[in-house]
Amino acid sequence: MEIDWAALGSVLGVSLTVTVGLVALFTLGIMGLSRRERALAQGDSVTLAVTGAYVCFAGCAAAVAYGINLIMTKT
Amino acid sequence: MENFSLILAIVVVTALAFDFTNGFHDTANAMATTISTGALKPKVAVAMSAALNLAGAFLSVEVANTISKGLVDETGIRPEVIFAALVGAILWNLATWLVGLPSSSSHALMGGLIGATIASAGTGAVHGDALVTKVLIPALAAPIVAGVAAMLATRLSYTLGKKADGKAAEKGYRVGQIASAGLVSLAHGTNDAQKTMGIITLALVAGGAVAPDSDPPTWVILSAGLAIALGTYIGGWRIIRTMGKGLTELEPQQGFAAQTSAATAILASSHLGFSLSTTHVVSGSVMGAGLGRKGGVVRWSTATRMLVAWCLTLPAAALVGALAESVTDLGDWGTAVVAVFLIASSAAIWKLSRREVVDASNVNEAEEPAGVVTTAIAAVTPPPSGTVTEDLTATIPAPATIPAPATTAEPATPPAAVRVPRTR
């Protein structure tokens, strides 16, 4: 009986990194959006916040697309 | 399909029934957090999950017969063995649903297969090594991996997102949660519907209706996908309640972190060849998300009960599978007795569940249901180890004496009870 520590370790590593990374990215995007809300209320410029938010969300969307790709190509 | 015997037909129908229980047992995995945080209305959530499960069933036709391959010797498999295994798995799924505990459907299926194989071909036909590396280690690892990830992610999200508030933030977390829950549903469809397809194909091969090494026929893919989708749509509301409200109170941010970590862990593990059970992953991530918020509380009593159920899943399903197999061994009438027993117990469990109805309307009420549930739990909780067998004979066969066809159901238990010591 051999336990595949390498596989176990890589699952842990990948899950941790990707989850934390994705959640961080997404939270940044959310922050951008809520900054836009505040800025709009005060009549300030919103370009930077909105661009940043959309970049973040694009990253998340790419991750989801990659996930669907993984599901489809799984053998 | 010329030589499509009666037993094959029974196996196919039972496999689809298992697929159905699998669907409604596991709706909670994808949708419990989405429902409890209010990101989606309960009915909408299960409908979406059902659609994605169906889609997932068609996404990849490459069926991995992981359940049977490696764990038991395929040579000893007859359709009756598969039937007995499915009986064990279905009954365990229904029993855990009745008490509202999430447990792994794959473990139930594997347990049923192991038990039925032991009863049919002896202990030699089960590979103990594979059991440890494929079942026990992943079961331990899954909640830890997903839990740690969800906890860190939740913590980070609360620290980073301190300034994120207002309508935009709320809507954002909702969308994020729905996306990750959808991913979990899709992955579940590919994994679990495929398992049933694999089982049906295995039975067809064993019964000689299909050539070995052939892909599952289209009608198998279609019916398995539909069965799991239908089960998902009906929704295991009891389990959803436990998962979404019973373990911990979740805010949208936590729900998002939990669901993201679950989706990631499931995809990462299946991609890296170290498959984790969806149920274990999601339970772990929900607990992790609960721990990650300041002031968040995890109800350890619920967690402990879940853990006990996980430990019991394999042996309990194995025991029922073994009993069922020894009865089907007695001949065609034995198979009929098992079939009647399965239908009668399922009906009895459903009847019991009507005493305390949980559905879309009250799924988010946090209070712990009393009555049936507490008594059933009291029967399950005390011995966390060892006395599994006594426990099970106390809980599972009991319903058989309640329903109407007492004359037919009654003989099912005695011969089984007599045969057990011999088959071991």
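**Entry 1. B:Arg299**

I began with B:Arg299, which is placed in the loop between helix 10 (278-292) and helix 11 (300-328) of chain B. Helices here (H or I, at least four residues) and strands (E, at least two) are DSSP runs, numbered from the N terminus. I noted that the model is predicted: local features need pLDDT of at least 70, side-chain atom pairs count only at pLDDT 80 or more, and totals for chains, interfaces and linings use all residues. Residues are numbered from 1 along each chain as its sequence is written, and chains are lettered from A and ligands numbered from 1 in the order in which they are written.

The cut-offs are as follows: a residue is buried if 20 or more other C-beta atoms lie within 10 Å of its own, exposed if 12 or fewer, and partly exposed in between, with C-beta atoms placed from the backbone.

Leaving aside neighbours within four places in sequence, I listed B:Gly246, B:Leu247 and B:Thr248 as the contacts of B:Arg299. A contact requires that the C-beta atoms of two residues, placed from the backbone, lie within 7 Å. I also checked B:Lys162, 137 residues from B:Arg299 along the chain; the two C-alpha atoms are separated by 26 Å.

I looked at helix 10 of chain B next. Its 15 residues reach 21 Å from first C-alpha to last, close to the 21 Å expected at 1.5 Å a residue. The expected span is 1.5 Å times one less than the number of residues in the helix. Helix 10 is mostly covered, with 14 of its 15 residues buried.

In helix 11 of chain B I looked up B:Cys311. B:Cys311 counts as partly exposed because it has 17 C-beta neighbours inside 10 Å. Its C-alpha atom is separated by 15 Å from that of B:Gly115, 196 residues away along the chain.

**Entry 2. B:Ser105**

I located B:Ser105 in helix 4 (residues 105-121) of chain B. It has 31 C-beta neighbours inside 10 Å and therefore counts as buried. Not counting residues up to four places away in sequence, B:Ser105 touches B:Asn22, B:His25, B:Asp26, B:Asn93 and B:Asp192.

Which residues have the most contacts inside the largest nonpolar core? I recorded B:Ile82, B:Val87, B:Ala203 and B:Ala224, in a core of 145 residues. A nonpolar core is a set of buried Ala, Val, Leu, Ile, Met, Phe, Trp, Tyr and Cys residues joined through C-beta atoms within 7 Å. Helix 6 of chain B supplies the largest share of this core, 16 residues.

For B:Ala203, residues up to four places away in sequence being left out, the contacts are B:Leu8, B:Val11, B:Val12, B:Ala15, B:Pro79 and B:Ile82. B:Ala224 is among the buried residues of helix 7 of chain B, which also include B:Val220, B:Ile221 and B:Ala227. Helix 7 (residues 218-234) is followed by B:Gly235, whose phi is positive, near 80°.

**Entry 3. Both chains and their interface**

I counted 17 helices and zero strands in chain B, and two helices and zero strands in chain A. The radius of gyration of chain A is 18 Å, well over the 11 Å that the globule rule gives for 75 residues, so chain A is more spread out than a compact globule. This radius is taken over C-alpha atoms, and the rule is 2.2 Å times the number of residues to the power 0.38. Buried residues make up 37% of the 75 residues in chain A and 58% of the 424 residues in chain B.

At the interface, 49 residues of chain B are in contact with 35 residues of chain A. Helix 5 of chain B gives the most to the side of chain B that touches chain A, with 15 residues. That side divides into 28 nonpolar, 16 polar and five charged residues. Here Ala, Val, Leu, Ile, Met, Phe, Trp, Tyr, Cys and Pro count as nonpolar, Asp, Glu, Lys and Arg as charged, and the others, Gly among them, as polar.

Lastly, I noted that helix 5 of chain B bends by about 35° at B:Pro138. The bend is the angle between axes fitted to the seven residues ending there and the seven starting there.
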